[in-house]
Amino acid sequence: ELGWNYIGPIDGHDLPTMIATLRNMRDLKGPQFLHVVTKKGKGFAPAEIDPIGYHAITKLEPADKPVVPKAISGPKYSAVFGQWLCDMAAADNRLVGITPAMKEGSDLVAFSERYPERYFDVAIAEQHAVTLAAGMACEGSKPVVAIYSTFLQRAYDQLIHDVAVQNLDVLFAIDRAGLVGEDGPTHAGSYDLSYLRCIPGMLVMTPSDENELRKMLSTGHHYNGPAAVRYPRGTGPNAPISGDLDPLEIGKGVVRRRGEKVALLVFGVQLAEALQVAERLNATVVDMRFVKPLDEALVLQVAAEHDLLVTIEENSIMGGAGAAVGECLAHHAVVKPLLHLGLPDLYVEHAKPAQMLAECGLDAAGIEAAVTARMTRLGL
């Protein structure tokens, strides 16, 4: 109807037929549409049976390998989000959940079953997910868009023009923030703090543990305007999780440890590593919580009391949360040695998450080495 020549469907696993079809189509004039049908996991029986479970890259083990019990750990950050979503939906009937085909990955399964009329899976269409949220917010709903950090990049135009310019109440639950292990650089959430904090009116939060995530989700839900909570893949430090839905005071950081000379300003889940380093260096540790609005009063207070400020984030150093601290000091004409620790200006290749963090100097050993080197350089 639109001038396309439709051919298919054909079996995408039948290579001779595929090759013959492509050869026949090569010389056809005008736009061509080839419909190919494939089976996810074709050729590997476990993946054919469980295509969702085998969506991500996993290590394949021999069938006869002994099963080693896994260490007990807390819930994944995505599970904390999924539980919060159900709890807040029960408390506020305006809440709706939107996902671009990430129901399982972002843990919306329980929500979709309990509130099917308030659950919207728009398939792999991130731009539409954001614009749909904007439209629903205009009509009085409180949309929560569950989306991976790397995939929100595709909807940046819609985030600005459809949501932020109108100052609409849309909460972005940004999963897979930071490094993502074997999924590699295409799926890493390396830039969200940089591309979110420059948007006027945007509330940007970085939880340091599971309980902070729950509280920040509530904070974003009650906020009048666009809000974002970014959290990593996997599990956290297994912090006790409160069952309430109380929000945090917006723009307020918390001093987690008091020390001397050096202050570590942490944006996110590196808080545990920072506390380890602080014990050895007798440093102050601040859980900044909010990237925007930044707790400027706390930054200025810490700057006045210490000889070196160190910002820590699992985001690109360029334009990230550390840059916000530097801008704050510059705006107030405060001159203070400042060390930024974060993701380097390169694509971090596939590896185990712990190895990737070590390569970027964001594990405890890397943080301590960088801080010690700067202290030596400053004669502290």
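Colleague: How many residues does helix α5 have, and what does it span from its first C-alpha to its last?

Modeller: Keep in mind that this is a predicted model. Helix α5 covers residues 126–138, so to speak 13 residues, and reaches 19 Å from its first C-alpha to its last. That is close to the 18 Å expected at 1.5 Å a residue.

Colleague: Which residues of α5 are buried?

Modeller: They are E126, A129, V130, A133, A134, M136 and A137.

Colleague: What follows α5?

Modeller: G140, which has a positive phi, near 100°.

Colleague: On to the sheets. What is the strand order in the sheet with seven strands?

Modeller: The order is β4-β3-β5-β6-β8-β7-β12, in an open sheet with mixed pairing. At the edges are β4 and β12 (290–292), each pairing on one side only. Neighbouring strands there are turned by 20° against each other on average, ignoring direction.

Colleague: How many bridges join β3 to β4?

Modeller: Three, and the two strands run parallel. For T99, the bridge partner in β4 is D121.

Colleague: What about the sheet with five strands, which ones stand at its edges?

Modeller: That open sheet has the order β9-β11-β10-β13-β14, and its pairing is mixed. The edges are β9 (254–257) and β14 (338–343); each has a single partner strand, so one side of each lacks a neighbour in the sheet. From one strand to the next, the twist averages 25°.

Colleague: In what sense do β10 and β13 pair?

Modeller: Parallel, over six bridges between residues 262–267 of β10 and residues 308–316 of β13. V262 has L308 as its bridge partner in β13.

Colleague: Which helix packs on that sheet?

Modeller: Helix α11 (residues 296–305) does, touching β9, β10, β11 (284–287) and β13. The direction of α11 makes about 155° with that of β10.

Colleague: Last one: how many aromatic pairs does the structure hold?

Modeller: Eight. There is also an aromatic cluster formed by W4, Y6 and F33.

Conventions
Residues numbered from 1 in each chain as written. Predicted model: local features only at pLDDT ≥ 70, side-chain atom pairs only at ≥ 80, totals over all residues. Heavy atoms only, no water. Helix = DSSP H or I, 4+ residues; strand = E, 2+ residues; numbered from the N terminus. Expected span 1.5 Å × (residues − 1). Buried < 20%, exposed > 50% of the residue type's maximum accessible area, 1.4 Å probe, protein only. Pairing = 2+ DSSP bridges. Axes fitted to C-alpha atoms, helices over the stretch in contact; angles between N-to-C directions. Phe/Tyr/Trp six-rings, centres within 6.5 Å; stacked < 30°, edge-to-face > 60°. Contact = heavy atoms within 4.5 Å.
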